[in-house]
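Please read it alongside the sequence and the structure shown here.

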Amino acid sequence: MRIIHVSNFETKNDLAFAYHTARKLSFGLVRLGYAVFDFSDRDIARAEGILKHRKFGVGPTNRKLVNACRNIRPHLVLLGHADVIRPDTLAEIRAILPEVRIAQWNHDALFVPSNCVKIGRKLDVVDATFVTTAGDELRQFARPGKIAAYMPNPVDSSIESGRAFAEQAPRYDLFFSSRNPHARRMWDGVPTENEAIARQLEAALPGRRFALPGLPGNPHLYGMDYIEALGGSRIGLNLNIRNDGYLYASDRMGHMLGNGVLTTIDRGSGFDRMFREDEALFYSSAGELVERIRYFLEHDQELRDTAERGWRRAHAMCDGARVAKYLVEQTMRVPLSEAYEWPTETY
């Protein structure tokens, strides 16, 4: 099967975000034996735009995708946050290739209104929509003859290469990374919780070694600097804009678990459906989070054992090839080849 994967492959940033979901899914699809052709819509739009301005390259980029589909004749066009690509372009591709299947995936939160708007723009021209939030919130994306389904954040052993649980001299006790250089306290009108919680923990646990890249006053970490910092951390703070979205977590949760870091998980997120209590640091309140972190930091072997179990579970359950296979099976409407540990009901 031939697949054109349209997403942001980050060449603008010199592969600083090489651990992005798009790359993991492409790697996974290749491992499944598919011919995968990556189409980096934002990079192409900048290259084609006047003065390298992305807005002026939208038209040429859409024409290039149509021509690429003519040349490759893909069986599947997979879109990941491909905001440069217009719905009418996908309709044109379907007119040229009537048998083609088209799917979109999205790993941003559904409690951010603008993200729902972006997903909604392509609902009429795709066959399937996959989002890293589960439950009834997906119903808003259901359309007759099409599906909306949950997908977990994938991990990839060639990218998440750290083994923090085996690190004999970890550099940090607690790690949290914010991708927003200004750590805004509002995100599209939604108050953010993550920075406040990280700062509260920093105050409640004096003397502990915190790594908080991206928060005010702390430089970002990119590329292997980021992966190596994770691999040298004992506990990863899996903190999101909000922590009560059903099975929603930033892809940083996959980075932490995949690199063998003991990962904090709010029980309100529902991830106890996918991970056991002895595979992560579960908590139900800020007070419990502080106490459980303090406990694990004082019981190093239990911390390491729990982190290793979570690492094994994440790689077994959410391997990029396994997640990619699930996306293909759902989109192509073939029976699921196995019993996946995440919700597989569609809307």
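Is Arg 294 buried, partly exposed or exposed, and what is its relative accessible area? In this predicted model, Arg 294 is partly exposed, because its relative accessible area is 27%. Its side chain meets that of Glu 291 in a salt bridge, with a distance of 2.7 Å from N to O. Glu 291, at 46% relative accessibility, likewise counts as partly exposed. Both residues belong to helix α9 (residues 286-298), and because they are three residues apart there, about one helical turn separates them. Elsewhere, salt bridges that share partners link Asp 173, Arg 209, Arg 234, Asp 300 and Arg 304 into one network.

**Salt bridges**

Side chains of opposite charge can pair when their charged atoms come close. The structure holds 28 salt bridges, and three of them are set out in the table with the relative accessible area of each partner.

| Salt bridge | N to O distance | Relative accessible area |
|---|---|---|
| Glu 160 and Lys 24 | 2.5 Å | Glu 160 0%, Lys 24 1% |
| Arg 294 and Glu 291 | 2.7 Å | Arg 294 27%, Glu 291 46% |
| Arg 242 and Asp 244 | 3.1 Å | Arg 242 29%, Asp 244 45% |

In the salt bridge between Glu 160 and Lys 24, the closest N and O atoms are 2.5 Å apart. Glu 160 lies in the loop between β6 (147-150) and β7, whereas Lys 24 lies in helix α1, so the pair ties together parts that are 136 residues apart in sequence. Glu 160 counts as buried because its relative accessibility is 0%, and Lys 24 counts as buried because its value is 1%.

**The parallel sheet**

How many strands form the open sheet, and in what order do they lie? There are five, in the order β10-β7-β11-β12-β13, and their pairing is parallel. The edge strands are β10 (210-211) and β13 (281-283), each of which pairs on one side only.

Within this sheet, strand β7 (residues 172-175) is joined to strand β11 (residues 233-236) by three bridges in the parallel sense. Tyr 172 stands opposite Ser 233 of β11, and Phe 175 stands opposite Gly 236 of the strand β11. Strand β11 is also joined by two bridges to strand β12 (residues 262-266), with which it runs parallel. Gly 236 has Thr 263 as its bridge partner in β12. From β11 the chain passes through helix α8 (residues 252-258) to reach β12, and this β-α-β crossover is right-handed.

**Residues with positive phi**

Glu 10 has a positive phi of about 65°, and its place is in the loop between β1 (2-7) and α1 (21-31). His 81 has a positive phi of about 55° and is found in the loop between β3 (76-80) and α4 (87-96). Glu 10 is buried, with a relative accessible area of 9%, and His 81 also counts as buried, at 14% relative accessibility.

**A buried polar contact and a nonpolar patch**

Thr 129 lies in strand β5 (residues 128-131) and counts as buried because its relative accessibility is 2%. The side chain of Thr 129 is joined to that of Gln 104 by a polar contact of 3.1 Å.

Which residues make the nonpolar surface patch of about 380 Å²? Ile 50, Leu 51 and Phe 56 make this patch. Ile 50 is placed in the loop between α2 (41-48) and α3 (58-72). With 57% relative accessibility, Ile 50 counts as exposed, because that value is over the 50% that marks an exposed residue.

Technical notes:
Residues are numbered from 1 along each chain as its sequence is written. This is a predicted model: local features need pLDDT of at least 70, side-chain atom pairs count only at pLDDT 80 or more; totals for chains, interfaces and linings use all residues. Side-chain values use heavy atoms; hydrogens and water are left out. Patches are made of residues with over 30% relative accessible area and no salt bridge: like charges are joined within 9 Å, nonpolar side chains (Val, Leu, Ile, Met, Phe, Trp, Tyr) within 5 Å. Accessible areas come from the Shrake-Rupley method with a 1.4 Å probe; for residues, only the protein chains shown count as cover. A salt bridge is a side-chain nitrogen of Lys or Arg within 4 Å of a carboxyl oxygen of Asp or Glu. Helices (H or I, at least four residues) and strands (E, at least two) are DSSP runs, numbered from the N terminus. Buried means under 20% relative accessible area, exposed over 50%, partly exposed in between (1.4 Å probe, protein chains only). Two strands pair if DSSP finds at least two bridges between them. A crossover is right-handed if, with the strands pointing away from the viewer, the path from the first strand over the helix to the second runs clockwise. A polar contact is a pair of N or O atoms within 3.5 Å; within protein, one must be able to donate a hydrogen and the other to accept it, and residues adjacent in sequence count only if both atoms are side-chain atoms.
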